[in-house]
Amino acid sequence: MVIALAGVVAVLISTVMSNPLQSFADQSRRAELVDKATVALNRMSRDVRLAVPNSLSASSSQIRLLSIAAAGRYRANQPDPSGPRVDPPQCTQAGASCNIDILSPIEPTESSTPHWLVIYNTGVGELAAVTSPSVISPKVFTWSSGVLSATLQNFRFKYASPQHRFYLAREVIGFRCDANGRLWRSVSANLDGSSAVESLVVDSIAPGGCSFSYDPGTSSRSGLVTLRLSLSQDDEVITLLQQVHVDNAP
């Protein structure tokens with residue numbers, strides 16, 4: 001009798017408790033997937049917001065951009081010490097340092113690491129080459145004491161910026177989804193994105209669950225990046241979508 005009653009009680013308890021326990025496990029799994037997707041989307045959003053104007057390109061499963069390291073306003077430079085100031089800036093004095101004055105506060109205040117200098121970039125295609133004239137310099141500019149400087153000859157910028165804005169960059173950032181359901185972030189020191197170092201951002205992406213789109217807008221208004229990630233685990237699938245504005249005013 002005791003054994004039979006104990007068995008009946010056990011069956012009743014297991015029946016009553018199984019659904020709440022299963023619901024708790026499902027909710028925990030769902031919360032974990034949401035947290036992973038949120039972290040990945042926030043990581044991407046931070047990099048997208050730091051893109052040099054008109055440098056971002058996107059396909060269905062890949063994004064690439066030139067990341068801003070510093071920015072400010074410049075003053076027309078004097079390539080010949082005895083000549084007038086010219087805008088756009090030029091670096092034409094043989095055997096001399098090319099100097100461009102910084103007119104606004106800049107963070108960091110100085111750097112000895114070579115950077116690309118970008119002035120009035122109006123399209124991704126403009127960043128394809130650093131051959132003079134160009135909107136982007138070779139990766140040679142450093143700065144300190146309120147002056148951008150480089151050992152650079154026979155180079156001039158293609159356009160003058162009406163607002164005298166400049167951007168400094170030293171890395172190309174990329175994101176890509178592979179066929180195995182993983183999202184990777186890459187960092188390259190080369191303008192074409194080659195020899196990149198990749199790190200895993202998130203895995204468990206559902207088949208077809210990674211898509212990016214980009215509306216570049218115009219040079220006078222924001223572009224819009226749409227990021228969508230679907231993560232799956234044990235037949236549970238969650239989908240998060242995030243949109244990020246990109247300031248494309250050069």
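These are my notebook entries on a few places I looked up in this structure.

**Basis.** The model is predicted, so I kept to its rules: local features need pLDDT of at least 70, side-chain atom pairs count only at pLDDT 80 or more, and totals for chains, interfaces and linings use all residues. Residues are numbered from 1 along each chain as its sequence is written, and side-chain values use heavy atoms, with hydrogens and water left out.

**Valine 172.** I found valine 172 in strand 9, residues 165-177. Strands here are DSSP runs of E with at least two residues, helices are runs of H or I with at least four, and both are numbered from the N terminus. Is valine 172 buried or exposed? Valine 172 counts as buried because its relative accessibility is 5%; buried means under 20% relative accessible area, exposed over 50%, and partly exposed in between, with a 1.4 Å probe and protein chains only. I looked up its contacts (heavy atoms within 4.5 Å), leaving aside neighbours within four places in sequence; they include Arg64, Leu65, Leu66, Trp116 and Ser186. Leucine 66 is 106 residues away along the chain, yet the two C-alpha atoms are separated by 4.6 Å.

**Nonpolar cores.** A nonpolar core is a set of buried Ala, Val, Leu, Ile, Met, Phe, Trp, Tyr and Cys residues joined through side-chain atoms within 4.5 Å. The largest has 26 residues, and Ile63, Leu183, Ile205, Phe212, Leu227, Leu229 and Leu231 touch the most other members. Elements giving two or more residues to this core include helix 1 (2-49), strand 2 (62-73) and strand 9. Helix 1 gives the most, with six residues. I also noted a second, separate core of 18 residues, with Tyr74, Ile100, Ile119 and Phe155 among them. Back at isoleucine 63, residues touched beyond four places in sequence include Met44, Leu56, Ile173, Phe175, Phe212 and Leu227.

**Strands 13 and 14.** How many bridges join strand 13 to strand 14? I read eleven, and the strands run antiparallel; pairing requires at least two DSSP bridges between two strands. Leucine 224 stands opposite histidine 245 in strand 14. The hairpin of these strands has two residues between them, and aspartate 234 takes a positive phi near 50° in this hairpin.
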